[in-house]
Amino acid sequence: LARQDPRQELRLLVGGAVFAGRWLLDRPVEHVVINGEFERVSADRLESLLRPYMGQGFLATPLDVVQQQLAEVPWIAAARVSRKWPGTLAVTVTEEQPAARWGEQGLLNPQGRLFVRRADHIPAGLPQLNGPEGSEAEVAARYVAIQEQLVHRGLSLAALDLDKRGAWSTAFRCASDRRMSISGWRAFSRRSTPSSWPLQPM
């Protein structure tokens, strides 16, 4: 009788072990756990987005694709997806924090990104920012720069507007809750400080 090559037996054993190990690890996804505190993110939207991955292979589930789909959901700032053996996907959701109102119904986050164009609910007390399409980050950065210079004067910036010609107009709020404004000044000069701006009661 012909003797079998020991190396071939070893290859068969190793291949079988790898196959069995992968079969044990790549069990179907049976549970999805969502972590994070959120109020505006729709739970129904998350459920409908994650449902198709139930029953897929544990290792075959594309985590980067799931994360990208979650990141596109309104009010989600970031999403992280990880595997927990034997069959659970752990999803951590971070909700956007509105920092300013943009136009009539838009909301900007602290990085100046327009994350909602038509919000159903506008939180009270947000500054009002306006500008041409695509200028959100510029206006937000200008708002932060001005606001930092106003704090020591007991003022806060209530509104900032950039028009299509590049002219700016603002509205301030002082400690007595009285609104004051200036308008018509152009691209914020480095030599110009809040103490030199002519404030006018509204």
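## A buried threonine

Threonine 88 has a relative accessible area of 14%, and since the cut-off for buried is under 20%, it counts as buried. Keep in mind that this is a predicted model.

So where does it sit? Threonine 88 belongs to strand β3, which covers residues 88-95. If you skip its neighbours within four places in sequence, threonine 88 touches His31, Val33, Phe58, Ser82 and Arg83.

## The sheet

The sheet is an open one, built from three strands in the order β1-β3-β2, with mixed pairing. The edge positions go to β1 (31-35) and β2 (76-84); each has a single partner strand, so one side of each lacks a neighbour in the sheet. From one strand to the next, the twist averages 20 degrees.

β1 and β3 run parallel and are joined by five bridges. Within this pairing, valine 32 is found opposite leucine 89 of β3. Helix α3, residues 63-71, packs on the sheet and touches β2 and β3. The direction of α3 makes about 155 degrees with that of β2.

## Helix α2 and its buried leucines

Now for helix α2 (residues 43-50): which of its residues are buried? Leu46, Leu49 and Leu50 are. Around the axis they span an arc of only 90 degrees, which means they lie on the same side of α2. As a rule, an α-helix has 3.6 residues a turn, so residues three or four places apart point the same way.

As for partners, the buried residues of α2 pack against β1, β2, β3 and α3.

Definitions and conventions: Residues numbered from 1 in each chain as written. Predicted model: local features only at pLDDT ≥ 70, side-chain atom pairs only at ≥ 80, totals over all residues. Heavy atoms only, no water. Helix = DSSP H or I, 4+ residues; strand = E, 2+ residues; numbered from the N terminus. Buried < 20%, exposed > 50% of the residue type's maximum accessible area, 1.4 Å probe, protein only. Contact = heavy atoms within 4.5 Å. Pairing = 2+ DSSP bridges. Axes fitted to C-alpha atoms, helices over the stretch in contact; angles between N-to-C directions. Arc of directions from axis to C-beta.
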